[in-house]
Amino acid sequence: MLVLVGVAVLAKGPPPHRPSASPGLKGLTMRPTIYGYMRVATADDQEEAERIRRELAEYAEREGFTLDQVFTEHIQCSESAFYTLLDTLKRSDVRNVIVPSLWHFARLPGLQEAMKTHIEQETGATIWVVQGQKR
């Protein structure tokens, strides 16, 4: 018989990384957590945002991850989801980020690469790009 005892700790910031069990496997197999990031052009694009969120979750599952938070950049919003993602990565042990395409970082290829490199260098995270991947 296995008994788990835990202690709750209150702290500022996001909850610590907690791997989840993979369903359907004998025993307990831990799957690493991955964060998502996307850019939405208008606040009215809720259907599009949900479609992208499902696509990210499906890709993460296929690659052996558990998708946790999806940071969504809204063009009309003054708060930057990109910097919130960076801050969250720095305060957690999650080291993987999934994006639908590099276009979600920026429209210009040079800026896309600069933002990708910034995340990688600042946090040590690996960026997973869905677009162009075989299903």
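Q: Is Glu 120 buried, partly exposed or exposed?
A: This is a predicted model, and the value is computed from its atoms. The relative accessible area of Glu 120 is 26%. Buried would require under 20% and exposed over 50%, so Glu 120 counts as partly exposed.

Q: Which residue meets the side chain of Glu 120 in a salt bridge?
A: Within helix H3, Glu 120 has a residue four positions away, about one turn of the helix. The N to O distance of the salt bridge is 2.8 Å, and the partner of Glu 120 is Lys 116.

Q: How many residues apart in sequence are the parts tied together by Glu 122 and Lys 90?
A: The side chains of Glu 122 and Lys 90 meet in a salt bridge of 3.2 Å, N to O. Glu 122 belongs to helix H3 (residues 109-123), whereas Lys 90 belongs to helix H2 (residues 81-91), so the pair ties together parts whose separation in sequence is 32 residues.

Q: What is the relative accessible area of Lys 90?
A: In the salt bridge between Glu 122 and Lys 90, Glu 122 is partly exposed at 40% relative accessibility. Lys 90 is also partly exposed. Its relative accessible area is 46%.

Q: Is Glu 55 buried or exposed?
A: Glu 55 forms a salt bridge with Arg 51 at 3.3 Å, N to O. The two residues are four apart in helix H1 (residues 46-62), which means a separation of about one helical turn. Arg 51 is partly exposed at 35% relative accessibility. For Glu 55 the relative accessible area is 18%, which places Glu 55 in the class buried.

Q: Which residues are linked with Arg 51 in a network of salt bridges?
A: By the distance rule, the model has seven salt bridges. One of them joins Arg 51 to Glu 55. The network that contains Arg 51 also includes Glu 48 and Glu 55.

Q: In which strand is confidence lowest?
A: The mean pLDDT of the protein chain is 81, and 75% of its residues reach 70 or more. Confidence is highest in strand S5 (residues 96-99), at a mean of 98. At the other end of the scale, with a mean of 46 over residues 20-21, is strand S1.

Q: How many contacts does the stretch of residues 1-22 have beyond near neighbours in sequence?
A: Over residues 1-22 the pLDDT is below 50.

Conventions:
Residues numbered from 1 in each chain as written. Predicted model: local features only at pLDDT ≥ 70, side-chain atom pairs only at ≥ 80, totals over all residues. Heavy atoms only, no water. pLDDT = per-residue confidence, 0-100. Contact = heavy atoms within 4.5 Å. Salt bridge = Lys/Arg side-chain N within 4 Å of Asp/Glu carboxyl O. Buried < 20%, exposed > 50% of the residue type's maximum accessible area, 1.4 Å probe, protein only.
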